[in-house]
Amino acid sequence: MLFFTQCFGAVLDLIHFRFQHYQAKRVVSSAGQLVCVVSPTQNLKNGSEQSATPEESSQRTSTQHHHDEMVYDPQLTFCTCPLYTCRWEGHLEVVVSHLTKNHKISILQGTEVVFLATDMDLPAPVDWIITHSCLGHHFLLVLRKEEKYQGYPQFFASMMLIGTPAQAENFNYKLELSRNRRRLTWESTPRSVLDCVDSVMTDGDCLVLNASVAQLFSDNGSLAIGIAITASRFCAGESEM
């Protein structure tokens, strides 16, 4: 395990070096590690809420309450894309298709990959998003830059299963930052997209970085996050049987 951690950290350092002036391709391979170069997207949902009139905010709040009441319906769910106020609703099984076709979110495959977010210095709010496919399931990785307090931007990184809360309990994930002999790791069980990305980040149940810490791990405005997803022992045992 120690050898794997050291190698994984070395890979991230190598990626920072190789991508110092490289942003041309979206998915490449570095030292045998699959890397997805992700460009930021303006978070129109959060931006529109900040400039909304009291009447519009009240209507959105009413809609969100309706969303919270309906989201746990096993037969129906709302759009899980955190970028837009999307009125789409459908079965959980077709959420991935909706995200990729309607919101152009890319799918990255593999249990161990590197998420390389570019243009980290852009003003908040911005999001970096990919769909991650592995172990027979799809996960949604969201990195968000947001100002909880004016003038103090923070970064929030969350991995969510596109599935039910019960299914999410069958997996574990690790997010790792490594640069200049520094290493920062977050390990947890993914939340279900039915829990709502915004709520997860508001609760702080994710990797949270302030601007100064993010700067320590960034290189030329890019931040590499190593991702590893594993099945829980119970789930792995069932698969073997």
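Analyst: Let's start with His98, which sits in helix H4 (helices are DSSP runs of H or I with at least four residues, strands are runs of E with at least two, and both are numbered from the N terminus). This is a predicted model, so local features need pLDDT of at least 70 and side-chain atom pairs count only at pLDDT 80 or more, while totals for chains, interfaces and linings use all residues. Residues are numbered from 1 along each chain as its sequence is written, and side-chain values use heavy atoms, with hydrogens and water left out.

His98 has a relative accessible area of 4%, so it's buried (buried is under 20% relative accessible area, exposed is over 50%, and partly exposed is in between, with a 1.4 Å probe and protein chains only). Setting aside neighbours within four places in sequence, His98 touches Cys79, Cys86, Trp88 and His103, where a contact means heavy atoms within 4.5 Å. With His103 there's also a side-chain to side-chain polar contact at 3.2 Å. Polar contact here means a pair of N or O atoms within 3.5 Å; within protein, one must be able to donate a hydrogen and the other to accept it, and residues adjacent in sequence count only if both atoms are side-chain atoms.

Now zoom out to the helix. H4 spans residues 95-102, and its buried residues are Val95, Val96, His98 and Leu99. They're on the same side of H4 because they cover an arc of only 165° around the axis, taking the directions from the helix axis to the C-beta atoms. As background, an α-helix has 3.6 residues a turn, so residues three or four places apart point the same way. The cover over the buried residues of H4 includes strands E4 (77-78), E6 (107-109) and E9 (137-149). After H4 comes Lys104, with a positive phi near 55°.

A positive phi turns up elsewhere too. Asp119, in the loop between E7 and E8, has phi near 55°, and at 35% relative accessibility it counts as partly exposed. The loop between E7 (112-117) and E8 (126-134) also holds Pro125, which is joined to Ala124 by a cis peptide bond with omega about 5°. For context, most residues other than glycine have a negative phi, and most peptide bonds are trans.

As for the whole protein chain, it has eight helices and 16 strands, and 45% of its 241 residues count as buried. Among contacts with a separation of 6 or more, 62% link residues 24 or more positions apart.
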